[in-house]
Amino acid sequence: MIQFWTMLGLWLGALSTLAIWSFLYKDNPFYKIAEQIFVGVSAAYWLIYTIYNILIPNLFSKILTDPLANWIYFIPGILGIMMLLRIIPKFEKLSFYPLSLLIGTTAGISLLRFLKSDVLSQTTATMLNPFSSGNLAVIIGQFIIIIGTITGLVYFYFSKKHKGFIGYNARLGIIFLMISFGASFGYTVMARISLLIGRLQFLLGDCLNLIK
Amino acid sequence: MKITTIDRRWIFLFILIGVGLPLMLPLGFKLEVTPNVQTVYNLIESTPENKVVLLSFDYDPASKPELHPMAFGIIKHAIDRKQKVACLALWPMGSQMVDDVYQNLKKEMPDIEYGRNFINLGYKAGGIVTIQAMGKNLKNVFPSDANGTPITNYSILNSIHTLKDFAWICSFSAGTPGLKEWIMVAKDKYNIPVTGGTTAVSTPGFLPYLNDQNQLTGLLGGLKNAAEYEFLIQRKGTATAGMDAQSVAHIIIIAFIVLGNVAFFVSKKRKKD
Amino acid sequence: MKKRLFCITIALGILSMLMSAHLFKVTDYPNDDGSAIKLQWDKSILESGHIELYKSTDNKHFIQIPLSSDMTEYVDKDSTFSGNMVFYRLDLKNHAGELVNFYKSSAIPKAQWFNTDKLPLLIILILFSSAIAYYVLSAKQGKELYIRKINGLDAMDEAVGRATEMGKPVLFVPGIMDLDDMQTIAGLTILGKLAEKTADYHCKLIVPVSKSMVLSAAREIVKTAYMQAGHPDEYQPDNIFYLTDDQFGYVAGVDGIIMREKPAANFLLGCFYAESLIIAETGFASGAIQTAGTAQPSQLPFFVASCDYTLIGEELFAASAYLSKDPQQLGSLKGQDFGKLVIILMIITGVILEIFGIHFLKDFFNIS
Amino acid sequence: MNHILPLIITFLAGLLMIVSEFIPHKPFERIVSELEIWFMIISGFAIILGQLSLIKMNVLKIQYKSENWKYCVVTLISFFIMLIAGLLWGTQNQGGIIGSGESLIQSIGSKPFDYIFDNIYQHLMASMFSLLAFFIASAAYRAFIARTLESSLLLISAIFVMLGNTSIGTSLTSFLPENLNFLHLPTISAFIMDYPNLAGQRAIMIGAGLGIIGSSLRIILGIERSWLGGKK
């Protein structure tokens with residue numbers, strides 16, 4: 001019995017893969033079916049996931065076992081229900097309250113997080129002594145980092161026209177951005193081909209036994 | 001110009017074939033063996049017969065494509081050199097990885113015998129604390145193997161009391177706990193040669209350990225190094241096939257880029273004329 | 001004689017206490033909420049054997065704290081600390097396990113009201129915020145503010161116009177993250193402006209989303225935009241819909257929509273991960289004009305490669321100011337530019353100081 | 001006017017988050033972690049909203065027999081099968097309403113929810129993800145044409161890095177003598193990754209960081225209120 005289900009599983013996996021890939025040729029009924037199954041199954045998956053891993057442990061189990069000690073969780077519970085009330089047009093505006101709490105929290109957290117980890121730490125990382133190494137390539141490289149970062153920032157300057165000295169720097173900045181884009185593109189190719197290798201190992205190896 | 005508007009489905013087809021074929025028929029592109037890989041190979045090659053070695057499987061299925069071929073190659077090499085292989089896992093799923101490698105090895109190597117030259121000790125929680133405890137007394141930490149059979153039933157671990165009795169230790173590591181913990185305890189404290197295999201992403205973090213003190217004795221980092229190892233032990237495995245597929249795919253992409261540029265310049269010239 | 005011996009014993013005792021204070025230091029852990037104590041001991045202690053650490057709240061009953069043998073520092077985090085004195089004893093044992101020596105010390109855990117480690121962060125925060133606030137206020141008083149051209153946004157009118165002519169819809173994809181990502185919010189702000197345009201042109205606007213809260217916000221934004229454009233009756237909530245929370249499930253759905261509805265203009269603005277290229281390439285194959293924008297450095301190359309216009313990083317956040325030309329928004333953009341100027345100056349000063357071996361500036365702003 | 005209270009809530013929530021970063025004293029840290037749980041709970045409720053939208057849209061399409069309506073039946077069926085499987089027998093780690101389905105595990109090998117996850121969902125995900133291998137090739141073909149200075153740079157740095165990362169790159173330049181090591185493709189590729197690439201990434205990160213700081217401040221101060229729909 002279990003063998004049948006394992007076999008069926010392999011078939012389902014292979015069919016799913018081929019149906020998705022068929023999209024590369026053109027949109028077709030097989031892709032449409034796979035797409036709809038994907039949307040349906042994954043939506044239900046995340047719903048079940050949320051119920052079991054977020055709502056039950058963080059809210060329901062707390063409120064049901066000891067409502068008095070956990071009274072504070074009635075607040076997010078009520079806010080959550082206010083969110084749900086969007087379904088009824090009359091109460092639509094109630095969802096603004098939970099939304100404003102979330103957006104305010106998000107704004108506060110992001111402000112600090114990006115100030116710290118993206119702005120300040122990247123700035124201090126660029127404060128380097130270009131001559132710290134005896135290796136010529138490293139010295140050139142460190143100069144490139146300093147100049148590239150500064151001119152890249154000039155490119156993002158909005159309140160001045162990009163001409164003259166600023167324009168010159170901004171142009172240099174976009175050159176660095178382009179080199180950077182090309183490099184990350186090239187670097188990612190390997191990882192993306194690996195995904196295809198993984199799929200083909202499943203199809204050719206696990207399903208068809210063509211890989212030794 | 002027709003060629004600039006080439007149907008992109010041709011590209012898709014080329015990529016599919018270019019990746020698929022080498023997987024079935026590995027080409028075995030010549031690989032330059034990097035020094036770190038050669039060091040790992042030499043370590044195993046120079047270990048005397050009948051010594052027991054320890055392999056730690058610190059990864060889960062997500063890192064299987066990269067680390068599995070390494071584990072397979074190193075175990076095969078060690079058994080070919082008549083060493084005895086003990087495996088354990090610091091990650092819960094690691095024990096299944098050991099089983100998987102063992103099942104595949106058995107197909108290729110009839111002289112492998114569970115309990116005589118191979119054993120799966122299974123998973124133990126605790127990370128670095130577990131390693132330290134093994135440094136004091138191995139059999140207290142692993143009284144039985146992964147199937148629950150007492151290890152005294154098998155002959156393989158007769159001569160092993162603590163970590164120090166292993167000839168070398170290798171960790172296939174996808175994160176924490178993993179290779180780093182093994183270096184800290186097994187190498188730094190007990191001075192046992194430690195080597196390892198890591199995913200390409202985490203490799204840079206281990207390079208500082210390849211130093212004068214030999215905190216790491218060689219390292220396999222990513223699929224490319226795994227393929228080099230397969231080249232050294234002369235076995236075209238999944239890493240070689242994977243690396244071949246990578247190379248072919250890269251060549252195809254570059255060829256199409258060149259084609260696109262040629263077509264662009266030809267059409268530009270014609271417009272001028 | 002006895003007296004002298006007594007004196008020597010006392011002196012030795014004091015000496016050993018002084019020594020132990022030097023060798024085994026126990027202090028309040030700084031900049032915390034009073035739930036941790038920092039213990040440090042000298043490396044020389046470890047040379048003559050192994051150590052065991054004990055702690056007590058009443059100086060009578062000691063319980064052991066597990067340590068690994070090579071540590072010289074330990075932070076005792078205990079949420080039950082109540083501001084009373086805590087006592088610690090460090091036992092030194094030889095290889096046979098016999099007690100050779102011990103050191104005792106104590107400390108009171110305290111909570112602080114300001115984390116002094118974060119002073120540089122506060123300085124920069126106040127500097128940037130006040131710059132932004134200053135420019136917002138001066139803009140409010142009617143000061144003219146210039147903003148440079150942002151390519152992708154100028155093309156928005158053209159793209160919507162083209163879609164209308166062709167009788168095809170416009171597609172907006174706000175990325176796969178929830179409202180807790182500022183990129184999503186920035187994308188939704190642009191959606192508002194886009195919706196005003198599609199309302200003006202009477203063009204169909206499709207917005208598939210991947211997170212329910214984004215669904216609520218997007219509907220509200222589009223609804224208001226249609227009201228402001230004077231076409232509240234044309235707002236169709238069902239054109240803004242949820243597909244699934246799953247990254248690739250969402251992409252599968254979006255790809256399907258692109259191939260079936262064949263929108264003439266795609267706007268991909270928000271937080272994108274690996275799905276960026278799948279959507280952009282499918283959009284290209286369908287022949288749409290594509291404008292993309294994200295602050296994810298890893299995905300920008302793919303948008304640059306396969307879309308007609310790309311908003312790079314900060315340009316995504318400048319878009320709402322650019323499109324609305326609202327003086328307050330433009331003012332805050334000017335404040336951001338001031339921030340950039342400060343950073344460029346900091347880098348240049350920092351590099352010069354580093355060359356001369358002065359690490360003060362770098363160390364000051366290095367917040368762990 | 002009914003936007004005043006939400007704007008005040010936003011302001012206070014944002015301010016609280018910022019202030020608590022600098023105050024280690026109780027109870028600030030606790031409030032922040034508590035709010036994070038609230039966030040999860042509220043978005044947990046919101047997810048139901050999304051599912052209702054999904055069901056409604058599909059039902060409407062079926063009802064009005066709009067184009068491709070038959071596929072909407074597939075969506076609904078797969079949604080409910082997965083949902084019911086999860087509710088009745090639970091998932092790998094949790095039991096469901098009618099238990100953990102031990103007898104089913106005996107015959108299928110895992111719970112129905114996990115069976116669908118392992119054999120359909122996971123494969124769909126991996127296949128969709130693997131489309132990138134094809135698309136990255138077609139995007140490269142189209143974009144990497146030396147039309148302008150910018151696109152030439154894009155092209156050159158991409159090709160160097162691509163070649164440097166595989167065995168072909170190694171073998172192409174392996175004939176070069178040791179003292180010309182800096183011309184080896186892997187060396188050039190590593191140089192591009194470590195320096196110019198890093199510089200570009202940094203500029204984007206710092207710029208985007210400032211953009212996020214600016215937008216966050218605008219939201220906290222109530223200048224940016226498009227998420228509430230209204231302008232003023």
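Between chain B and chain D, the count of salt bridges is zero. The model on display is predicted, and this pair of chains is the opening stop.

**Stop one: chains B and D.** Select both chains and display the residues in contact. Chain B contributes 26 residues to the contact, and chain D contributes 22. Together the two chains bury about 2,200 Å², with carbon and sulfur atoms accounting for 76% of that area. Two residue pairs, both at pLDDT 80 or more, are in polar contact across this interface.

**Stop two: chains D and A.** The buried area is about 10,300 Å², 80% of it on carbon and sulfur atoms. On the chain D side, select D:I42, D:F45 and D:R202: these residues supply 7% of the area that chain D buries against chain A, more than any other three residues.

How many salt bridges are counted between chain D and chain A? The count is two. To view a salt bridge, select A:R171 and D:E150, whose side chains meet at 2.4 Å, N to O. Polar contacts between chain D and chain A number 24 residue pairs, both residues being at pLDDT 80 or more.

**Stop three: the domains of chain D.** Now hide the other chains and colour chain D by domain. Domain 1 covers residues 1–66, and domain 2 covers 67–142. Nine residues from domain 1 of chain D and nine from domain 2 of chain D form the contact. The centres of these two domains, taken over C-alpha atoms, are separated by 28 Å.

About 830 Å² is buried between domain 1 and domain 2 of chain D, and carbon and sulfur atoms give 79% of it. Select D:N58, D:I62 and D:S66 next: they supply 52% of the area that domain 1 buries against domain 2, more than any other three residues. The side of domain 1 that touches domain 2 consists of four nonpolar, three polar and two charged residues. Across this interface there are zero salt bridges, while two residue pairs are in polar contact, both at pLDDT 80 or more.

**Stop four: the largest cavity.** The structure holds three cavities of 30 Å³ or more, and the largest has a volume of about 60 Å³.

Technical notes. Residues are numbered from 1 along each chain as its sequence is written. Chains are lettered from A and ligands numbered from 1 in the order in which they are written. This is a predicted model: local features need pLDDT of at least 70, side-chain atom pairs count only at pLDDT 80 or more; totals for chains, interfaces and linings use all residues. Side-chain values use heavy atoms; hydrogens and water are left out. Domain bounds come from an automatic or database domain assignment. Contact means heavy atoms within 4.5 Å. Buried area is the accessible area (1.4 Å probe) that two parts lose on being put together, summed over both. A salt bridge is a side-chain nitrogen of Lys or Arg within 4 Å of a carboxyl oxygen of Asp or Glu. A polar contact is a pair of N or O atoms within 3.5 Å; within protein, one must be able to donate a hydrogen and the other to accept it, and residues adjacent in sequence count only if both atoms are side-chain atoms. Ala, Val, Leu, Ile, Met, Phe, Trp, Tyr, Cys and Pro count as nonpolar, Asp, Glu, Lys and Arg as charged, and the others, Gly among them, as polar. On a 1 Å grid over the protein atoms alone, a cavity is a set of points where a 1.4 Å probe fits but cannot get out, and a pocket is an open set with protein on both sides within 12 Å along at least five of seven lines; lining residues have an atom within 4 Å of a point. Grid points are joined across faces, edges and corners, and a volume is the space filled by probe spheres set on the points.
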